Number of protein chains: 2
Amino acid sequence: MEQDVELSRSCLVERMRYYTPLSDKDKCLLKSLENEEISYRPRTRLSFSENPSYLFVLKSGWLYRYDEIDEKRRQVLRIHYPGDIVGLTDVAMQSAYGEMMTVTETVLCPFHKSRLDDIFIHSPRLTALLFSLGVLNQIVLQDRLKIMGRASATHRVAYFLLEMHARLRIHSPTKSLDRFEMPLTQDVIGDAIGLTNVSVSNALAQLACEGYCTCQHREVILHKLDKLKEMIGFQDRYFEIDTSWFPNV
Amino acid sequence: MEQDVELSRSCLVERMRYYTPLSDKDKCLLKSLENEEISYRPRTRLSFSENPSYLFVLKSGWLYRYDEIDEKRRQVLRIHYPGDIVGLTDVAMQSAYGEMMTVTETVLCPFHKSRLDDIFIHSPRLTALLFSLGVLNQIVLQDRLKIMGRASATHRVAYFLLEMHARLRIHSPTKSLDRFEMPLTQDVIGDAIGLTNVSVSNALAQLACEGYCTCQHREVILHKLDKLKEMIGFQDRYFEIDTSWFPNV
DNA sequence: CGGAAATTTGACGCTAATCAATTTATGTGG
DNA sequence: CCACATAAATTGATTAGCGTCAAATTTCCG
């Protein structure tokens, strides 16, 4: 029991066990990825392009990945929350994809990409889970494509808030979580959904005006969560993984 | 030798061996996924939402996946080429994502999702490859996000043509392939990159006017492939997979 | 060859980008 | 704890690009 409590302190284990029960062996496998720790200050630029052989477990804090398009434009590709594995898009290719920037104080646990082999070789079940989480990521990206392609500025911003809400819910599934911290600036939000900071500001004003939500002082309050979801047809992808076909070993 | 030739007729084996050498066992594993065949006519709507437990190897033909937004709007999420595994976004979740439509005459090989377990259990190396191809897909989606968020209509269309070019190159890496068939209508292209068919038409006219490429009679000719790539900063993601860390079993 | 689908072309309107100025919030040192 | 400097957010005026609607032309396919 003591041991189990000890193991559950792993951020990655917390995340994974949310989707499916884990054997002690699997917990150990995951836990071992968090042996080292590096801390970063807020707003630190992280560039691992020189040798993208390391992945990271994001232990605490927020960071985002972005890619420069030109001097004044960039695309925010992904926002990372605690429990995320960071850097897969770097290690699968021979070169890194964009850069990362910490938002808050951040702790990363680096591990070499060859450590993934341990999982692939020793735990087909964990492998299936990692694989499925990769597919889930594709689905989330596809959702974002849909929004970027066709939705108005207001809908895009609403979508962004709802996706953030869905992400945060994973780590506090009991709470209703109608309010949460928002450390991202409107510039970053805009770069994530293809808008200028001005348009984000206007969209937030309109959402507030219609009573859906407010976003002030780095805090989001979702007054009409369900109505908001309905308005843009939002689906929470983070609760849906089908584990029925996973191998039992 | 005879056997090897026989095995190489598998579309999936062809695709996978492009990225890394495969053992005979791995070839058999992959080949066995193509035991059944179903043919479809062009422009057939495929909906497997009732019970999304089957994946498909796309043996021949083209099809695309899309999702309706409202009556008149849809987002084309992905275009599938021979050798693709189709349907991962359905089986990982408990419900299907959108629908599919064949473009040309198409042959699909269905297999149950539990067959993936065979790969995860028996071939860590093939698992690593499947996993990496999933990550590659995420990268391609991220590239598309970048384009959708910030690029002009002309750049979007140029990007679309170049991505198609990159995809087709996988299956004929020797040819320079500066011209290829384009069975997709401008409506479909537009729905893929967030434009109307009218804007696609205008963008193609401008690209042709500037001498970059022509798209007529269902055929694309890229006159200045390199200049076009340079103009939009295109990177071919399909050649980059890093297999150095894959397990040897 | 004939009907339907796809593409092209043009006129007009709307949304969000751009540029710029102002207000508000944040964080630091005294 | 306050004053100050800087960053972030808000507001407004103007503009460019794409969407929308509609009609004409070309292509496709049985």
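In this predicted model, the side chain of Thr106(B) reaches the backbone oxygen of Thr104(B) at 2.9 Å. Thr106(B) belongs to strand S8 of chain B, which covers residues 106-112. Is this residue buried or exposed? With a relative accessibility of 0%, Thr106(B) counts as buried, because the limit for that class is under 20%. Its surroundings can be listed as well. When neighbours within four places in sequence are set aside, Thr106(B) is in contact with Ile38(B), Ser39(B) and Tyr40(B), and also with Leu58(B), Ser60(B), Gly61(B), Trp62(B) and Leu63(B).

Two copies of a chain are related by a rotation about an axis and a shift along it. Here, chain B is superposed on chain A by a rotation of 180° with 0.0 Å of shift along the axis, and the RMSD is 0.0 Å. This is the relation of a two-fold axis. Through which surface do the copies meet? Of the interface residues of chain B, 100% are also interface residues in chain A, so the copies meet through the same surface.

Of the atoms of DNA strand C that come within 4 Å of the protein, 89% are accounted for by sugar and phosphate. Several contacts to phosphate oxygens of DNA strand C can be described one by one. In chain A, a polar backbone atom of Ala153(A) is 2.6 Å from a phosphate oxygen. In chain B, an N or O atom in the side chain of Ser201(B) lies 2.8 Å from a phosphate oxygen, and for the side chain of Arg43(B) the corresponding distance is 2.9 Å. The elements that give two or more residues to the surface near DNA strand C are helix H9 (197-209) of chain A and helix H9 (197-209) of chain B. Which element gives the largest share of that surface? It is H9(B), with three residues. Sorted by class, the surface near DNA strand C is made up of nine polar, four charged and four nonpolar residues.

How values were computed. Residues numbered from 1 in each chain as written. Chains lettered and ligands numbered in written order. Predicted model: local features only at pLDDT ≥ 70, side-chain atom pairs only at ≥ 80, totals over all residues. Heavy atoms only, no water. Near = heavy atom within 4 Å. Polar contact = N/O pair within 3.5 Å; in protein donor to acceptor, adjacent residues only side chain to side chain. Helix = DSSP H or I, 4+ residues; strand = E, 2+ residues; numbered from the N terminus. Nonpolar A, V, L, I, M, F, W, Y, C, P; charged D, E, K, R; others polar. Least-squares fit on C-alpha atoms with pLDDT ≥ 70 in both. Contact = heavy atoms within 4.5 Å. Buried < 20%, exposed > 50% of the residue type's maximum accessible area, 1.4 Å probe, protein only.
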